[in-house]
Amino acid sequence: MNEKLRQWISDISIIPEWTTEYDSSAAQGDVIAGITVGVMLIPQGMAHAVIAGLPPIYGLYAALVPLIIYPFFASSRHLAIGPSAVDMVIVAAGVGAIAQVGSDQYIALAILLTLMVGVIQLLMGVARLGFVASLLSRPVIAGLTFGAALIIGFSQFDQLLGIDLPQTQYVYVLLYEAVRHIGEVHLLSLGIGLGSIVLLVAMPYIKPAIPAALVVVVLGTLAGWFFAVEDMGVRVIGDIPAGLPAFTVPALGLGDMQSLLSAAIALALVQFMKNVSLGRVFAARHNYTIDANRVLISAGMANIVGSFFRSPPAGGSFSRTAVNEQSGAQTPVANIVSAGIIALTLLFLTPLFYYLPMPVLAAIIMVAGFSLIDVQELRELLKTNQRDGYIALFTAGCVLVVGIQEGILLGIVATVIAVLYRISRPNMVELGHVPGARVFRDINRFEDTEKIDKVLVLRVDASFSFANADHFKDFILEKTRREKREIRAVVIDGTSINALDTTATDALWSVIETLEDRGIALYFAGLIGPVRKVVIRAGLFDKLGEERFHLDPHEAVEHILEQLDDEDEGARLSDYRDNIAETDEPETPDAA
């Protein structure tokens, strides 16, 4: 069987590798972890649905069927999937732009978006496009998370304050409207919300083993029922449909699909990057590997099947995955156990949530949202690489000011521009000879290096392509022109050049001709096989001759000095050799 076909079948197989090692010990860990995460999912699922502008019950739908389907295709053994805050913000932004929040059309479009996200992920996985994870770099994800965290938190101002605010993803609009309606604040709603926030923040320090969100939901529901807060003007969840979601084909409309396409692509990529990142973290901890293409396929199948059971998009969760692993999960079966908890809730417990005050859910969402703000991550990016830090801040600003989808796209564009700029301005240095050795190093970093008489040795630390051809050409010509000594030969150390395209070869032709007019010969050293092939095919080898190509700068310099000595009966070569210590093996050049 063709190897590629075999690999493709392996990618889409519903028999994951972890099934061959499944035993009673793994089952016990999965059951405990699944129950723990399932209990977390009840309040989180309902809260996250509210972020998306959906009725709370849809958060539980997203925690049911996708969790059952995912394990059959999973690559990560610890990833806990379901509704997540960042995903729901993108849903709200994408669907809210074309439908009224809370309407039947809005709900139908959210389900259609789930199907579209799943199809995109599945097609990407089958086409083995897992490498596109690199499009969403760490700075873009950091910026998106920072911006989304603020949107998530401030989006709940209306429920926390008990006032009507516009449904928008723009924080500045929410803040302006909140200040404008400050006199209409419902004080009891605000008190319930603030009390819930205090309890949510304090619980992890008081009883870290007990899910704080669950405690707040239980206490809030009991208080809402006992004190009849609905009669006092506090908004409550109200009637929640009981029972499991019925099989329903999502409403397919070409116009709607076109309108949702950008949101679907953005969400598919964000989910994928999040799932891969989380999967790799826990895979490294437990000494196994994950397949990025299988991550796509598993997420795609979970979302596709889930959409037929009224599920919003489901993806990996930062907090629940951490709890899943800490609780002893061994395989993705823990997701199925969590789905079982949600099924029991849908069948028997939904009437109990009628009296749950909406400020309580708002508090859960705000605490979860603001907890995603990672200032330390931004500081680390700025400290390690300022360019990455600026991209993260730029992405966050675009997410907050322009919009989530647009912010993601602009962040990716900024990353690509930064990469292209870096490629177009590669590190190019002059090398000097290290006395007593056969190696050449950067004269600006190593003070003991010496220049070779009438020879200029240069190194380029990048592929040589259209992106940097002109810069490369200008550097060589300008360097030879500005030297305050006579230059008869230029040696290009090509050990770091791993690619050469036609634009670059054209630039080399121009360099050769210009240098020849100045009486300077161009030499190459250390070119790797693929680059040598391009040089030969471009006619450069025939033009210059074999004597212009050498294994390393040392060999090239010896050849040049010998020719110069022949011209004026000098002793450059003997002086150079006298300056080299006799060793059994030549030293390895420092990569710095």
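Strand β6, spanning residues 489-493, and strand β7, spanning residues 521-525, run parallel to one another and are joined over five bridges, where helices (H or I, at least four residues) and strands (E, at least two) are DSSP runs numbered from the N terminus and two strands pair if DSSP finds at least two bridges between them. Within this pairing, A489 lies opposite A521 of β7. The model is a predicted one, in which local features need pLDDT of at least 70 and side-chain atom pairs count only at pLDDT 80 or more, while totals for chains, interfaces and linings use all residues. Residues are numbered from 1 along each chain as its sequence is written, and side-chain values use heavy atoms, with hydrogens and water left out.

Both strands belong to an open sheet of six strands, ordered β4-β3-β5-β6-β7-β8, with mixed pairing. Its edges are formed by β4 (440-442) and β8 (549-550), each of which pairs on one side only.

Helix α7 (residues 138-154) has 17 residues and reaches 24 Å from its first C-alpha to its last, close to the 24 Å expected at 1.5 Å a residue, the expected span being 1.5 Å times one less than the number of residues. Because 14 of its 17 residues are buried, α7 is largely enclosed by the rest of the structure; buried means under 20% relative accessible area, with a 1.4 Å probe and protein chains only.

Technical notes
Buried < 20%, exposed > 50% of the residue type's maximum accessible area, 1.4 Å probe, protein only.
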